[in-house]
Amino acid sequence: MNMEILLTIMGLAVLDTLSPTIIGVTLYLLVMEKKRLIRLLSVYLITIAILYFFLGFSLMFGITLSFDFYKELFKHQILSWAIFLIGMIMFIVSFYMPKKKATIPSVPSKKNTFTMFLLGFTTFLIEGGTAFPYFAAIGLMSTSNLTLLEWTSILGIYNIIMVLPSIILMVMYTLFGRWLHQPFRKLNDRLSKSKDSALSWVMCIVGIVLIFASLDYL
């Protein structure tokens, strides 16, 4: 496995941790939910991680089958040019993305395992269409000749990293909630009122990553 590609994918995973939706819901649950906090938040985060994993698995499996079927038609150089052009488009478009209010789904007043699953599913629908680092990572894996075991392992690690900040916040709040309750509440209020400019610079960074990752194969 190419270590440079692996480090790039892990860097994209770190970039994907900056989701205002997941962090926003996590902070809300931490400051508002007193009972069953760990179980409810765990169901929410596990739901997101599993849905993203199966999305990545489906995309990678489909891409792999396409390569096997069309390997004489679609060479890696053609795909590299496509990735390069997508990177250029994302880089340029990122400068024209309008700022908008951060989209955080409403947390149901009645919280149980099922409602947390639905909340995780809603978050996946909100974030899935704009998960540019994730799609970039899948694009890089698809051109790296990875085995099934390698890319499924990377997908699993990627999704763990993606929800890791929320896990860290949960552990911190469980240990030091008495001191962190007020700061977390203020951070939650600030996040819910903030303008979401993350999408524009995420697109910019991912565009740059795609451009440089494809240069060697053009």
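Predicted model: local features only at pLDDT ≥ 70, side-chain atom pairs only at ≥ 80, totals over all residues.

Trainee: Which helix is Ser 166 found in?

Mentor: Ser 166 is in helix α7.

Trainee: And is Ser 166 buried or exposed?

Mentor: The idea is to look at relative accessible area, where under 20% means buried. Ser 166 has 1%, so it is buried.

Trainee: What about the protein as a whole: what percentage of the 218 residues is buried?

Mentor: Buried residues make up 44% of them.

Trainee: How do I read a nonpolar core?

Mentor: In soluble globular proteins, nonpolar side chains tend to be buried together. Here the largest nonpolar core has 44 residues, and those with the most contacts inside it include Ile 9, Tyr 158 and Phe 184. Elements giving two or more residues to this core include α1, α2 and α3, but the largest share, 12 residues, comes from α7.

Trainee: What does Tyr 158 touch?

Mentor: Not counting residues up to four places away in sequence, Tyr 158 touches Ile 9, Leu 12, Ala 13, Asp 16, Pro 133, Tyr 134 and Ala 137.

Trainee: And how do I read the overall layout?

Mentor: Follow the elements along the sequence. The protein has eight helices and two strands, in the pattern α-α-α-α-β-α-α-α-β-α. Then check the contacts: among those between residues at least 6 apart in sequence, 85% join residues at least 24 apart.

Methods. Residues numbered from 1 in each chain as written. Heavy atoms only, no water. Helix = DSSP H or I, 4+ residues; strand = E, 2+ residues; numbered from the N terminus. Buried < 20%, exposed > 50% of the residue type's maximum accessible area, 1.4 Å probe, protein only. Contact = heavy atoms within 4.5 Å. Core = buried A, V, L, I, M, F, W, Y, C linked by side-chain atoms within 4.5 Å.
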